[in-house]
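Subject: Structure handover

Hi,

Here is the structure I promised to pass on to you. My notes on what turned up follow below it.

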Amino acid sequence: MSRDIRSFFQPKKIQKAKVEEHDDDIIPESPDVQIKNKKKESRKKRVLSDSDEEIFDSKKKKSTAEPPKSKTKTPSKPVLKEVKAVDIFGSAPIKRTEPIVKKVKEKKKTETGIHSDDEFDKSLLELDEVEELALNSELPSTSSKAADVPKNDVKTKIEKEKSPIKIKENKPDKTKDIKNEIKQEKSPTKVKDKEIKEQDKSKSVKFESKSKNSSKMNDKKRKFAEFIENETNHEAEKTDEDTNVKKKKLNDSITDSHNIINKEKKLKKESSNELDDSNNTIIDDEMNETKHGGSRKKMNKSLNESVLTDEERHERKMHSAALYKNYLNRSGPKHLGAKEIPEGAPGCLKDCAFLLTGVLDSFEREEVTEAITKYGGCIKSGISKKVTHVLAGEEAGPAKMAKAQELGIPIINEDDFIQMIRDSTNKKSKEKEMKKEKSPSRKPINNKKEVNGVSKKTNSDTTNTKKSQEDKTKHEKTNGFGSKVKKSKSPEKVETVVKKEIKIESEKVKKDNLISEGKPDSSKNSTGPMHMMWVDKYKPQNLKQIIGQHGDASNVKKLSNWLTKWYVNRKAKLPKPSPWAKNDDGGYYKAALLSGPPGVGKTTTVALVCKELGFDMVEFNASDTRSKTLIKEQISELLNTTSLSAYSKGDTGKQAVTKKHVLVMDEVDGMAGNEDRGGLQELISLIKATAVPIVCMCNDRNSQKMRSLVNYCYDLRFTRPRVDQIKSAMMSICFKEGLKIPPDAISQLIVAANQDVRQTLHLLSMWAAEPDTDPDKLRKDATSVRKDVKLGPWEAIRKVFSAENHKTMSINDKSDLFFYDYSLAPLFVYENYLQVAPHCPKNEILDRMSKAADSISRGDLVDARIRRSQAWGLLPMQAMYSSVIPGHHLSGHVAGQIQFPGWLGKNSRASKMQRLCQEIHAHTRLSTSGSKSSIFLDYSSHLRDAIVNPLVKDRSDGIAKAMEVLESYHLLRDDLDSLTELSLWPGQRNPMVLIDSKVKAAMTRTYNKTATALPYAPAAVKKGRTRDDADEEGLDDEPEDETEDSDPENDALIKKKKSKEDKPASKEKPSSSKEKPSTSKTKAGSSKEKKKK
Amino acid sequence: MSLWVDKHRPRDLMKLDFHKDQAARLKSLVQQSDFPHLLIYGPSGAGKKTRIMCLLRELYGSGVERLRQETMNFTTPSNKKIEIMTVSSNYHIEVNPTDVGIHDRVVIMDLVKNVAQTHQIDSSGQREFKVVILNEVDDLTKDAQHALRRTMEKYVATCRLILIANSISRVIPAIRSRCLTIRVPAPTENEIASILHLVCKKEGLSLPSELAMRIAKCSDRNLRRALLMCEACKVQQYPFTADQKVPEPDWQQFIRETASMILSEQSPKKLGEVRQKLYELIIHGVPPDMVFAGLLKELVRNCDMAMKCQVASHAAMYEHRMRLGNKPIFHLEAFVAKFMAIYKKFMEESLGDAF
C-alpha cells in the first residue's frame, strides 16, 4: 500500500521536477507553435518565471500526448480543490480530456516501471480471465490517442489564431465561447466518466471518453477549417503575406514582432511581480476552467485510490499483461515500402539520438536505423536524457512513451521523421539566404529565431502530420500560415519561449559552425606539424592508446610482464612449459616472438613497452643485413655492452649507465635469401646465450622459415582489432582533423582495409586530401577499396556462376574473375560447371550445359593458340570463352562443393602411362613393329596375358614360359608391372593378384638370376623408374625374400654377378619350399640352353 | 616364345601375304640404283613396318636384321638435355621423334644431319646411302616438318628418308611432294582370314573359317589385332569352335559402355560420370580421335537420319577443335554435352508425339 502511494506520488513530483529541469533543453526541439494563446499571454505577463513557462512548454511538447495538465494540476491541486471546485467546473471541457490521458500515461509508466518480469508472468497467468477486458480497453487507447492528437492541435491552433487578432482580454472570452460549445458536447462524457470512475480508474473508461472527445474534435475540425478560411483572408490583409513567398515577409514580420517584443519585455520587467500574481490567478482560473469536473473528481479519487491499491494493483497487472501479449503478437509494418526515406542533407540528423519503439507503418526498423546512421544520428536502445527524439510507431512501448514524456522528449512518428530529413535540405538553403539578408547586431538573433521558427514549423508539421494525408496538404498550408501569424502577431508569447530557444539554438549553431569550420582548421593544423603522415602523427604515445590492446590478457600486458620479470626469471630456472599450457607468462623463454598481420601495432607495442619499462631498444629490421657473421660479431657484442644513452639526456651517475637493452629483431620472416644467410640459426644460438631479452617479430609464425625459431620464443599472437575498436579511434582522429566522414563509411573502410589500422589511416588521410567529401562518394570509395582484395580461385569460381553477383557486375568485372589466376581458372570452370544449378527452366539446363561446354572447348582453342605462339594478347578472349560465357549461360549458383580441377591429376596420370608405354615400346622395339599407341591398344593386354597366364595356370611350372616371353620381348621384370598397369581398366581385376605370391617371388628370383643380355642399357631406362615401384615389388614378395629385394639387386649388373655365384642358391635351399629347387634348376637349365643357342 | 604376330612376321618382300603387286613394284624400285625418299602411309596394322623391313633386307641383305638399340643425346637451344632411343643397324637408323614431344625438331635436325654427313664405311658392293626411318611423321610438329624439308634435299646424296605415317593429311605438302608416297591399305577381311588360317597351320592348329571371319571382322581390318585376338582365342579355348567368343579389346568395350551411359540418361550428373570414363580412356592412351569415332558409332545407332547427320557434324567439329586445342577432354565432353542436349530434345519430342 505504502509503496503504491509512493509510486503514485513520487513519480509525479519527480516528473514535475524533471520536466522543469529539462524544459530548457527541450524547448528548442519542441516548436512552440501550438502554444495556446491564452496561456502564453498570461505567461508572458508573468514572463520570467521560468517554471510556468516550462510547464507550458512541456504542455506544448506533449501536445500530442497532452501531458501538461498533470503538472498544472499537481501544483494547483490544493488550491483547486479548496477554492474553485464548482465554478470552473464546466468551462474548460477540452482540457479535461487531456488530464485524463496524462494520468493514464503516468499510471502506465509507474506500472511498467514497478513490475518486474515475475510480475509479468503472474499477470500472464491472470491474463486469461481479464484478457478481453484489457484488450478492449487497450486497443481503443492507441487509436483514440492518435485521433486525439491532431484534434488537440487543431484546437490550440484555433486559439492561437484567434488570439493574435484580439486583445488579450478578449481572448479568454473567445476561448470561453469555444469551450462552451465544446462543453455542451461534453456533458455526456462527464456523466460517463463518473460512472466508470466508480469502478476504478480503469483505462477503458478514459478511452471511451477520449473517443467521445475525438468525435467532438471532428466537429471542431470542421469548424476550424471554416475558421481558417476566414482567418486566411483576414491575415492576408494584415500581413500581406503570400503563403508561397514566405521568407521575405517572414523577415519583415519578425522584425516587427521583435520590436513589439522588446517593448513588451520592458513593460514586463517593470511590472513583472504584479503581473505575475495576476497572471497566476488568471492561469489558475484558466486551469480550473480547462479542467472539467470529471478530471477534478478523478484527482480526488486518485487520492482515495492510493489507499485502495489492491484492486489497482491487480488492474495494473492485467494491463501490463495485456501489453506484453500485444508485444508478442505484434505484426510487421503495415504498409511496407509505401514511403521512401528521402534524400536529406548529409549529417542532417547530427546530434540527434533516436529511440525506436513500436512498429512503424511503412518501414522496417533496419531501414530507419540505416537512414539515421547515414545522416549522422545515433540510435539508443533505452530511453535516457541523451535521447532527443522518440520515433514511435504503432503499439509503441508504453513505458518508453511515458518516460519520454517524463523527460520531455518529443515523440515523433515516421512521417515526422521523414519530414525532418526532408526539411534539413530546405533548412540549409533557407539559412544561407537568411544570412545574406541580415547583418546588424540584433539581427543575428532574429536570424536564429527565424531558423528556429522554421525548425518549429517543421516540428509543428511533424506533430501535425499524424493527421491523415488528405488533411496534410490543407494542414501544411494552415500550419505554415499559422506559424507566420504567430510570429508576426503574437510576438510576446513567442518571444519568451523563443528566447530560450535562441540560446540553445545559438549554441547549436556555434557547434555547427565549429564543425563546418573544422576544415579550415585542419588545414591550419596540417601546416603546423609540417606534413607528418597521419600514421606518425597519431602514433600511440602510451600503452593505453594502442588499439585493441587493453585488458589483462592483452599482448601488451603479457609483453611488459615478461620483460619486467625477465631478469628474475633468468635466475629462477624454470621448466619448459608444455606447448598447450594456458596463461603461460613465458618465464622460461629468453625471447618473445610477436606474430600477426601487418598494421596491427606489433612494432608500436614493443617500442612503447620498452619506453615504459625503461629498456633501450636495439632494433634490427629487414633493412639491415642480418647475416650469420653480422649477428655473431656485431649484435652479440652490442648486447654485452652498457648503454650510455642516458648521458645524452643529461643524467649522470649510476642511473645513467644501464644494461637494460632489448634486442628487437623486426620482420624476422624476412631473414632469408643470400643476404641474411644463416641469420636465423645464428639468432637462435644468440637467444640461447643471450643476456638481454630479445623480441622477434614476424607476420606468419606458421611459415616454414619460422619453424625453428618458434621453439625458442614466448609466443605472442596479435590478432586484428575489431572494427568498432578501430572505428572509435579513427573517428576521433577524423574529428581532430576536422574531417567529416559518416561513421558507416569509416567502418566500411576498415573492413575494406582488412582491419589494418595503418592502412585505414592512410586511406583516411587520402580522403582528407580530397576537398570533396560527399558521403555517398566516400561510401563508394570504401567499397571500391575492398575490390582490390585478392580472391582465391574458390571464391572466384563461385562468383563466376552466381546469378546474384552477375546483377552488379559488368563484363569487365566478370572477366576479372578469370584473371585472378588465368592458368587455373579455365580448369576450375571446367571442373565445376556441371555442379552449377542454373536458374532457368528445367528443360533448358542441358542445353545451357552444352553451350557452356562448347564455350569451354572454344576457350581451349584460344589457350592452345596462346601457348603455342605466345600470343598472350588473346588472354581476354580466353577469359570470355573459358569463364564469362559459361558463367553467363549457367548463371545460377554452385550447388555442391567447389572441386579442385581433377584435370591436373588425370593429366599427370596420363603422362605417367605414356611414359610407361614409351618404355615398353622402346624395350620391345626390336621384336615388334607398330607404334606406341599399338602398344596401348593391342599389345599391352595380350603381352600381359602371355606372361601371366602360364603363372596362374601352371604355377611355378609356368615360370619358364613367362620368362621366355619376357626374354623374347626384351622386357624387364618391372615392365610386367607397367604392363598390368597399362592394361588394367577400372572395374577389372588385377590378374597379378591371381598369381600365387610364392610363384611370384620365385619368378622374381629366377628373373634376377637369369640376367639376359638386353639390347639396351637397362640403367638408362631405369632412370625414370620411381622408387615406389621397387617398394611395391618388395611387398608382393615373400617376407623371406625381402632382404634380397631391398638390396640393390634390381640392378641388372649386380644380378649378373649373383647369378654366377652359387652362394645365393645354397642360401635359398633351406628356406624355400620344395618347388624352388626345381624351378631354379629348370631356370638354370633353360638359361644354359639359351646360351648354347 | 614371341606372340604369333611377331613370330610369323614375313621377312622377305616376296613372302608378303597381301598387296603382292605393290611388293613387286617395291622390289623393282630397289633394284634400280636410284632410290627416292619414301613416305609410306596406311592405317595401323596394315603392315607398313613389315614392308619396310622387307625392303631394307632387299636393299642391304640380312645385315639389316642385326639390330641394336642406342640412346642418343641432344641439347635443345634452351639447353635442355634430351635423350632418345634409336634402333639401328649398320645400314639404317630408326627413330621415333615424337618421343621427345615438342623438341622433335632438334632431334630431326641433329640426327638426320649426323647420319647424313657420314658416308658409308664400306661403300663397295653396298648402297651409297644410309636409310633413316622416321616413325609417326604425321605427329611431328610443324616446326619439325619444316626442318625436315631442307635436310631432305641437302643430304639426298648420302641418305634416304623413309617416313611412316598413318595419314598424310597432317604431313605438310612440301614433304609430301619430296617423297614417293606409297599407301599401304589395310588388308581385307578375307585376306586377314586367310592369313589367320596360314598362321594356325604353321602353329599346327585348325581354325574354323567362321571363327576366322569373325575375328577378321572384329579386328577392324587390323592384322596385328586379328592375330593377337586369334592367339587370345586359342589361349581361351582350344580346340576352336565356330561360335566361340572373340575377346574384344578392353578399350572398345569401355567406349561402348560409355556410349550406353550417355544414351541411358541425359543429365548434368550423368555427364559428370561420363567425364570420368572419358578421363579413363585418355589415361589408358586411347587416342581421343578413336574415342570420338567409337562414341559416334555407338551413339548414332538409335538416331534417325536427320539426327545422325547433326550428331556426326558435331562430332567432326569437336574433333577438329580437339586437334587444334590442348586438352582433348574439353572437346570430348563438349561433344557429349551437345549430344545429350540434342538427344534429350529428340526423345522428348518423340515421347510427346507418342502421347
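The expected span of a helix is taken as 1.5 Å times one less than its number of residues, and helices (H or I, at least four residues) and strands (E, at least two) are DSSP runs, numbered from the N terminus. With that rule, the 14 residues of helix α4 (residues 104-117) of chain B should span 20 Å, which agrees with the 19 Å between its end C-alpha atoms.

A word on conventions: this is a predicted model, in which local features need pLDDT of at least 70 and side-chain atom pairs count only at pLDDT 80 or more, while totals for chains, interfaces and linings use all residues. Residues are numbered from 1 along each chain as its sequence is written, and chains are lettered from A and ligands numbered from 1 in the order in which they are written.

Confidence

The predictor gives the complex an ipTM of 0.91 and a pTM of 0.54. Chain B has an average pLDDT (the predictor's confidence in each residue, from 0 to 100) of 87, and 97% of its residues score at least 70.

Chain B

Chain B contains 14 helices and seven strands. In α4(B), the buried residues include B:Val106, B:Val107, B:Leu111 and B:Val115. The buried residues of this helix pack against β2 (68-75), β3 (81-88), β4 (92-95), β5 (130-134), α5 (142-154) and β6 (159-165) of chain B. Contact here means C-beta atoms, placed from the backbone, within 7 Å.

The seven strands of an open sheet in chain B follow the order β2-β3-β4-β5-β6-β1-β7, with mixed pairing; two strands pair if DSSP finds at least two bridges between them. At the edges are β2 and β7 (180-183) of chain B, each pairing on one side only. Within the sheet, β1(B) and β6(B) run parallel and are joined by four bridges, and B:Leu38 stands opposite B:Ile162 in β6(B). Helix α3(B) packs on this sheet, touching β1, β4, β5 and β6 of chain B, with its direction at about 160° to that of β6(B). For such angles, axes are lines fitted to C-alpha atoms (for helices, over the stretch in contact), and values run from 0 to 180 degrees between N-to-C directions.

Where the chains meet

Each side of the contact is made of 54 residues, from chain B and from chain A. On the side of chain B, α14(B) gives the largest share, ten residues. By class, that side has 26 nonpolar, 13 polar and 15 charged residues. Ala, Val, Leu, Ile, Met, Phe, Trp, Tyr, Cys and Pro count as nonpolar, Asp, Glu, Lys and Arg as charged, and the others, Gly among them, as polar.

Chain A

An open sheet of four strands in chain A has the order β2-β1-β3-β4 and parallel pairing. Its edges are β2 (378-380) and β4 (411-412) of chain A; each has a single partner strand, so one side of each lacks a neighbour in the sheet. Three bridges link β1 (residues 353-357) of chain A to β2(A), and A:Phe354 has A:Ile379 as its bridge partner. Helix α14 (residues 398-407) of chain A lies across β1, β3 and β4 of chain A, at about 150° to β3(A).

Best wishes

Conventions: A residue is buried if 20 or more other C-beta atoms lie within 10 Å of its own, exposed if 12 or fewer, and partly exposed in between; C-beta atoms are placed from the backbone. Two residues are in contact if their C-beta atoms, placed from the backbone, lie within 7 Å.
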